[in-house]
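This briefing accompanies the structure shown below. It sets out selected features by topic, for reading alongside the model.

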Amino acid sequence: NIIGNKVKVVLLVAGGRAGSDFFHSLIDDHQEILQLPGYLKIDDNLSNILSKKFPNDISKEFIKSYPVFFDSRINKEERWDKLGIKKNKFFKVDKKKFCEKFKILSKNKTINKFTNLKNLHLAYALARNKDVSKKKIFFVHTHLLQWTKLFLKICKLKNFEIIYTTRHPLASLSSAFKAWINYDKGSSFFPKDLHNEIGRIINDSFELNKIGKVSIIKLEKVHLENKKTMKNFCKKFKIKYEKSLTQSTKNGLIWWGDIFSRRYLSGINKNLKIKINEKYFFKRDLIFFQNLSSDLIKNYHYKFLYPKKNILFNLAPMKCELIVWRNTIKNLFYKGFRWKHLLSIPFFYILRILLFNNILIRNRKNFVTKSII
């Protein structure tokens, strides 16, 4: 038996470095969830793939565009090449079988982009010899706000729910900055990237509220109250609680976290604490960010870590900006002269002042307390 159209569509969106991949790894291989092992990059290429007329073209182009789902050794950034207890395992999915299953699923059906995408997920599960008759949730990790918006546009979805992973805003910003400024010696982290990371933390929760029904997964609760949180997740989406929900895996193999953390993470951390790496920020920067995210802190029941001050603008360069500017100049000639990054320094500095200030943030009226799982 193949799942019908009544399956619930659930999208997972990440709130900065807030554990979306970790949460995804906990629901990995759940019997009632139809899913891929990682996030799905949503772009025009995916839309073009789903628009093709012939099943073989769709399945082969999908494999070509998303090779990490068929040979995990390719995905070194997420450490899918070092799975298992001894960090020496990886997974492969039979491409030929995947194409055959997709071709069968595509027969005698009303085909559209959404159906094609669902059939790709079904074919993936069948190629792994999984039983798909019990699936109740079609789960897609759309990861970014802009990818989520594009996904809904491509698939023309109206009935869906969103899970948004969050974390204390200051801890999320600190973790994101530390991860990216140290990754590959900062060669891919510039003013635009810093601006986007701040925007994800400050704005995305508000923007998602305009799109549809949102449920919150707090990273802290996933670690400190794991069993309770995962049972609440199952209860909300009416699926069975399984012991596997306490293990971090990718296609059934133990996963140790991505390389950005710069250490191997063994899964649930019962001693997790909110940590802010203050060497990347002036004290006034952290107080300012706390002020901008005060609604999030209050509504998601976090603590105020610094003195409360109503700062309208933070006009002086922030320490994290100064670090990124220095990093930009250092990497200016990395793989060719990247003059646009040099011009981005004053542009995004001014844009940050214009967009991330207390006057503009306080004028947002679309925030409501969302369901916290």
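This is a predicted model: local features need pLDDT of at least 70, side-chain atom pairs count only at pLDDT 80 or more; totals for chains, interfaces and linings use all residues.

Is Phe348 buried or exposed? Phe348 is buried, because its relative accessible area is 14% and the cut-off for burial is under 20%.

- His141 belongs to strand E3, which spans residues 137–143.
- With a relative accessible area of 1%, His141 is buried, since burial requires a value under 20%.
- Two polar contacts of the His141 side chain may be noted: one with the side chain of Ser20 at 3.4 Å, and one with the side chain of His143 at 3.0 Å.
- Leaving aside residues up to four places away in sequence, His141 touches Leu12, Ser20, Asp21, His24, Gly38, Tyr39 and Leu40.

**Strand E1 and its partners**

- Strand E1 covers residues 8–14, and six of its seven residues are buried, so the strand is largely enclosed by the rest of the structure.
- E1 and E3 run parallel and are joined by six bridges; Leu11 has Val140 of E3 as its bridge partner.
- E1 also runs parallel to strand E4 (residues 161–166), with five bridges between the two; here Val10 stands opposite Glu161.

**Helix H2**

- Helix H2 comprises residues 44–51, and Leu46, Ser47, Ile49 and Leu50 are buried in it.
- Viewed down the axis of H2, these buried residues fall within an arc of 160°, so they line one face of the helix.
- A general point of geometry bears on this pattern: an α-helix has 3.6 residues a turn, so residues three or four places apart point the same way.
- At the start of H2, the backbone nitrogen of Asn45 has a side-chain oxygen of Asp43 within 3.2 Å.

**Aromatic pairs**

- The model contains 23 aromatic pairs.
- One of them is formed by Tyr39 and Trp147, which are tilted, with 5.7 Å centre to centre and 40° between the planes.
- This pair links distant parts of the chain: Tyr39 is in the loop between strand E2 (33–34) and H2, Trp147 is in helix H6, and the two are 108 residues apart.
- Tyr39 is partly exposed at 32% relative accessibility, whereas Trp147 is buried, with a relative accessible area of 16%.
- Phe347 and Phe348 form an edge-to-face pair, with 4.9 Å centre to centre and 90° between the planes.
- Within that pair, Phe347 is partly exposed, with a relative accessible area of 48%, whereas Phe348 is buried at 14%.
- Ring pairs also link a cluster made up of Phe62, Tyr66, Phe69, Phe70, Trp80, Phe91, Phe98 and Tyr124.

**Charges over rings**

- Arg73 lies over the face of Phe90, at 4.2 Å from the ring centre.
- Lys236 lies over the face of Phe237, at 5.7 Å from the ring centre.

Terms used
Residues are numbered from 1 along each chain as its sequence is written. Side-chain values use heavy atoms; hydrogens and water are left out. Helices (H or I, at least four residues) and strands (E, at least two) are DSSP runs, numbered from the N terminus. Buried means under 20% relative accessible area, exposed over 50%, partly exposed in between (1.4 Å probe, protein chains only). A polar contact is a pair of N or O atoms within 3.5 Å; within protein, one must be able to donate a hydrogen and the other to accept it, and residues adjacent in sequence count only if both atoms are side-chain atoms. Contact means heavy atoms within 4.5 Å. Two strands pair if DSSP finds at least two bridges between them. The arc is that of the directions from the helix axis to the C-beta atoms. Rings of Phe, Tyr and Trp (its six-membered ring) pair if their centres lie within 6.5 Å; planes under 30 degrees apart count as stacked, over 60 as edge-to-face and the rest as tilted. A charge sits over a ring if NZ of Lys or CZ of Arg is within 6 Å of the ring centre and within 35 degrees of the ring normal.
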